[in-house]
Amino acid sequence: MLQRIEARHGHAIGALTEALSEHRLAWHAAREDGDFGRILQAELRYAEAAADVARALRARGEPDDAVDAYLRAKRCEIDAWAPFALPSLRRWGVFAGARPMARR
């Protein structure tokens with residue numbers, strides 16, 4: 001499902017799915033930092049980005065069930081690679097504004 005929709009509409013929704021990924025990564029970073037306010041902000045922005053992706057796909061003729069399945073699969077995909085991406089992103093300063101966290 002994920003590959004079919006991305007192959008068919010990737011050029012049209014590329015920037016939207018990039019925003020979707022960024023907001024989900026921000027959610028993971030906030031969760032690691034234990035910052036409830038940032039978790040809520042990231043979840044809201046993710047929901048807005050998901051709505052934008054859904055609107056774009058529906059406008060291009062994708063049925064509701066395909067759109068919902070795509071969004072679920074995309075979220076699972078992002079969640080699967082987020083733990084591996086976050087350490088590098090933090091080193092590059094992407095989530096540098098986080099509260100310092102004590103080592104356990």
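1. **Ground rules.** The model is predicted, so local features need pLDDT of at least 70, side-chain atom pairs count only at pLDDT 80 or more, and totals for chains, interfaces and linings use all residues. Residues are numbered from 1 along each chain as its sequence is written, and side-chain values use heavy atoms, with hydrogens and water left out.

2. **Overall fold.** The chain has 3 helices and 0 strands. Helices (H or I, at least four residues) and strands (E, at least two) are DSSP runs, numbered from the N terminus. Read from the N terminus, the order is α-α-α. The C-alpha atoms fill a box of roughly 50 × 25 × 20 Å, taken along the principal axes.

3. Of the 104 residues, 36% count as buried. Buried means under 20% relative accessible area, exposed over 50%, and partly exposed in between (1.4 Å probe, protein chains only). The accessible surface comes to about 6500 Å². Carbon and sulfur atoms hold 56% of that surface. These areas come from the Shrake-Rupley method with a 1.4 Å probe; for residues, only the protein chains shown count as cover.

4. **Contacts along the chain.** Take contacts between residues at least 6 apart in sequence: 72% of them join residues at least 24 apart. Contact means heavy atoms within 4.5 Å.

5. **Charges.** The chain carries 17 positive and 15 negative charges, and their mean positions are 4 Å apart. Lys and Arg count as positive, Asp and Glu as negative; His and the chain ends are not counted. The place of a charge is NZ of Lys, CZ of Arg, CG of Asp or CD of Glu.

6. **Helix H2.** This helix covers residues 36-59, which is 24 residues. From first C-alpha to last it reaches 35 Å, close to the 34 Å expected at 1.5 Å a residue. The expected span is 1.5 Å times one less than the number of residues. Which residues of H2 are buried? They are Ile 39, Ala 42, Tyr 46, Ala 49, Ala 50, Val 53, Ala 54, Ala 56 and Leu 57. These buried residues pack against H1 and helix H3 (64-91). An α-helix has 3.6 residues a turn, so residues three or four places apart point the same way.

7. **The ends of H2.** At the start, a side-chain oxygen of Asp 35 reaches to within 3.3 Å of the backbone nitrogen of Gly 37. Just after the helix, Gly 61 takes a positive phi of about 95°.

8. **Glu 62 and His 9.** Glu 62 lies in the loop between H2 and H3. His 9 is found in helix H1. Are they buried or exposed? Glu 62 counts as buried because its relative accessibility is 5%. His 9 is buried too, with a relative accessible area of 4%. They are 53 residues apart along the chain, yet their C-alpha atoms are separated by 9.8 Å. Their side chains are joined by a polar contact of 2.8 Å. A polar contact is a pair of N or O atoms within 3.5 Å; within protein, one must be able to donate a hydrogen and the other to accept it, and residues adjacent in sequence count only if both atoms are side-chain atoms. The side chain of Glu 62 also makes a polar contact with that of Arg 4 (3.1 Å). Leaving aside neighbours within four places in sequence, Glu 62 is in contact with Arg 4, Ile 5, Arg 8, His 9, Leu 57 and Val 67.

9. **Arg 24.** This residue is found in helix H1 (residues 2-33). Arg 24 counts as buried because its relative accessibility is 4%. What does its side chain meet? It makes a polar contact with the side chain of Asp 79, at 2.7 Å. Beyond four places in sequence, Arg 24 is in contact with Glu 43, Tyr 46, Arg 75, Ile 78 and Asp 79.

10. **Lys 74 and Leu 2.** Lys 74 is found in helix H3, and Leu 2 lies in helix H1. Lys 74 counts as buried at 9% relative accessibility, and Leu 2 at 11%. Not counting residues up to four places away, Lys 74 touches Leu 2, Glu 6, Thr 17, Leu 20 and Ser 21. With that rule, Leu 2 touches Tyr 70, Ala 73, Lys 74 and Glu 77.
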